[in-house]
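Here are some questions about the words used for a fold. Each answer sets a value against its definition.

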Amino acid sequence: MIKLKAVNKYRRKFTQRITKGLSGTHKNKVFNATELPDLKKILLCRPNHRLGNLVLIAPIIQDVAANFPNCKIDLFIKGGLGPVVFKNYTNIETFIELPKKPFKQLLKYVRTWFLIRKKRYDLVINVTSTSSSGRLATKFSKSTFKLFGDENDDQFKNIKDFLHIAKNPVYNFRHCMTALGYDINDNGIPGLDIKLSKTEIKEGQKLLNELVSNKKDTICIFTFATGQKCYDESWWMSFYK
């Protein structure tokens, strides 16, 4: 019997090879202010189901919305957590969700890929350059501009936090848009904000009080991870001390 983990391993290697040569479009073209296309429909590609990786795209979503406040953003992701994490983001219009386990929902998996082709976008951004699925989705989409995520690796190699997985997409987006002729802000990079509502904050405070029963500042550490990143209890106790 073929193990799905083994199939996934070879699938990743295959997609990495075939997407390695994909690069951005209109990379060297500069527009003048009178002919710059208005960016109203934007697609962000981050097809990964892990909660942490979803939260890490919050800065690029905020930066795109801050620079193009009238735009509508679609998110191409995996799994069903996106609408929960980003439900208070008013600029997000559609969540295009790949099933978390594609081999068990193969038809839905294939149909979701074709949803990308149904809409014409002004800009498509592959949030993480090392994501083969993200690069394929960017290539597969119909858009005026496409950013594959690695257009400016040499440009920012001297910036110490350029490789930060949440900051890198923002640096790349700002540089590419500025190079095209758009007036882009250079404010500090947005934080990992999931825009909790007052009700959610109140409920969180209630749960925290039930857990720790004090009014001191509290640091919560989520200790569960996958594979080799899942450290045992003794490791965490040493870290805590």
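The questions below take up the sheet, then the helices.

This is a predicted model, where local features need pLDDT of at least 70, side-chain atom pairs count only at pLDDT 80 or more, and totals for chains, interfaces and linings use all residues. Residues are numbered from 1 along each chain as its sequence is written, and side-chain values use heavy atoms, leaving out hydrogens and water.

Q: What makes β1 and β2 a pair?
A: Two strands pair if DSSP finds at least two bridges between them. Strand β1 (residues 41–46) and strand β2 (residues 72–78) have six bridges, in the parallel sense. Strands here are DSSP runs (E, at least two residues), and helices are runs of H or I with at least four, numbered from the N terminus. Leu43 stands opposite Asp74 in β2.

Q: Why do β3 and β5 count as edges?
A: The open sheet has five strands in the order β3-β2-β1-β4-β5, with parallel pairing. β3 (92–98) and β5 (142–147) each have a single partner strand, so one side of each lacks a neighbour in the sheet.

Q: Why are α3 and α7 called roughly parallel?
A: Angles run from 0 to 180 degrees between N-to-C directions, with axes fitted to C-alpha atoms, for helices over the stretch in contact. Helix α3 (residues 58–67) and helix α7 (residues 168–180) cross at roughly 25°, their axes coming within 8 Å. Angles under 35 degrees count as roughly parallel, so α3 and α7 are roughly parallel to each other.

Q: Which residues of α3 and α7 meet?
A: Contact means heavy atoms within 4.5 Å. Pro59, Ile60, Asp63, Val64 and Asn67 in α3 meet Pro169, Val170, Phe173 and Arg174 in α7.

Key. Parallel < 35°, antiparallel > 145°, perpendicular 65-115°, else oblique.
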